[in-house]
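Have a look at what's on the screen first, and then I'll walk you through it.

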Amino acid sequence: VEVIAHVFRAWRTRTIEHKAMRRALERFEKRARESALREALRAWAREARTCTRRRREDEREKEIKSTLTAQLALTKAVAERDAALDAARNAETLYSAIEFRDKRREVDAKRFVETSTREAARALNRQRALVGALRKLRAEAVRQLEV
């Protein structure tokens, strides 16, 4: 009887210990599953943040690229406008210079004509005066010869 009692006690102890070990194992497995689930959730959240960050960076890069493209187009347009304005100013300066030269030539031609006309008039007056003096001298000489 004692042996049977001892066997039952050992079986009971072993069963209790086995149940406790099984519960401990189940708790460990449950914690491991929860930990793995939490770790998977953290990894998913980390990946989601990374994807969101990359997407935002891509959007920022696209925005920066479009802004730079617009600035480049604006700069090209301004440069073309400035070049056209410079060409117009240069043409205007050239036309002004040509106009000034033509007016200068006109003024010089008028001045030459006026000077030439005055000199020609003086020469004509001198010639008339000489002709008049010569006629007087001839008339005087003829009168002297007639007397």
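Before I get to any residue, one cut-off: a residue counts as exposed over 50% relative accessible area, as buried under 20%, and as partly exposed in between. Also bear in mind that this is a predicted model.

So take Trp11. Its relative accessible area is 57%, and because the cut-off for exposed is over 50%, Trp11 counts as exposed. Trp11 is in helix H1, and together with Ile4 and Phe8 it makes a nonpolar surface patch of about 380 Å².

Now compare that with Leu68. Leu68 is in H1 too, which runs over residues 2-146. With 48% relative accessible area, Leu68 comes out as partly exposed.

Okay, overall shape. The C-alpha trace spans about 215 × 15 × 5 Å along its principal axes. To put a pair of residues on that: Leu68 and His18 are 50 residues apart in sequence, and their C-alphas are 73 Å apart in space.

How much of the chain is buried? Of the 147 residues, 1%. The chain exposes about 14,000 Å², and carbon and sulfur atoms supply 60% of that.

Over the whole chain we have 38 positive and 24 negative charges, and their mean positions are 4 Å apart.

That's me done, over to you.

Notes:
Residues are numbered from 1 along each chain as its sequence is written. This is a predicted model: local features need pLDDT of at least 70, side-chain atom pairs count only at pLDDT 80 or more; totals for chains, interfaces and linings use all residues. Side-chain values use heavy atoms; hydrogens and water are left out. Helices (H or I, at least four residues) and strands (E, at least two) are DSSP runs, numbered from the N terminus. Buried means under 20% relative accessible area, exposed over 50%, partly exposed in between (1.4 Å probe, protein chains only). Patches are made of residues with over 30% relative accessible area and no salt bridge: like charges are joined within 9 Å, nonpolar side chains (Val, Leu, Ile, Met, Phe, Trp, Tyr) within 5 Å. Accessible areas come from the Shrake-Rupley method with a 1.4 Å probe; for residues, only the protein chains shown count as cover. A salt bridge is a side-chain nitrogen of Lys or Arg within 4 Å of a carboxyl oxygen of Asp or Glu. Lys and Arg count as positive and Asp and Glu as negative; His and the chain ends are not counted. The place of a charge is taken as NZ of Lys, CZ of Arg, CG of Asp or CD of Glu.
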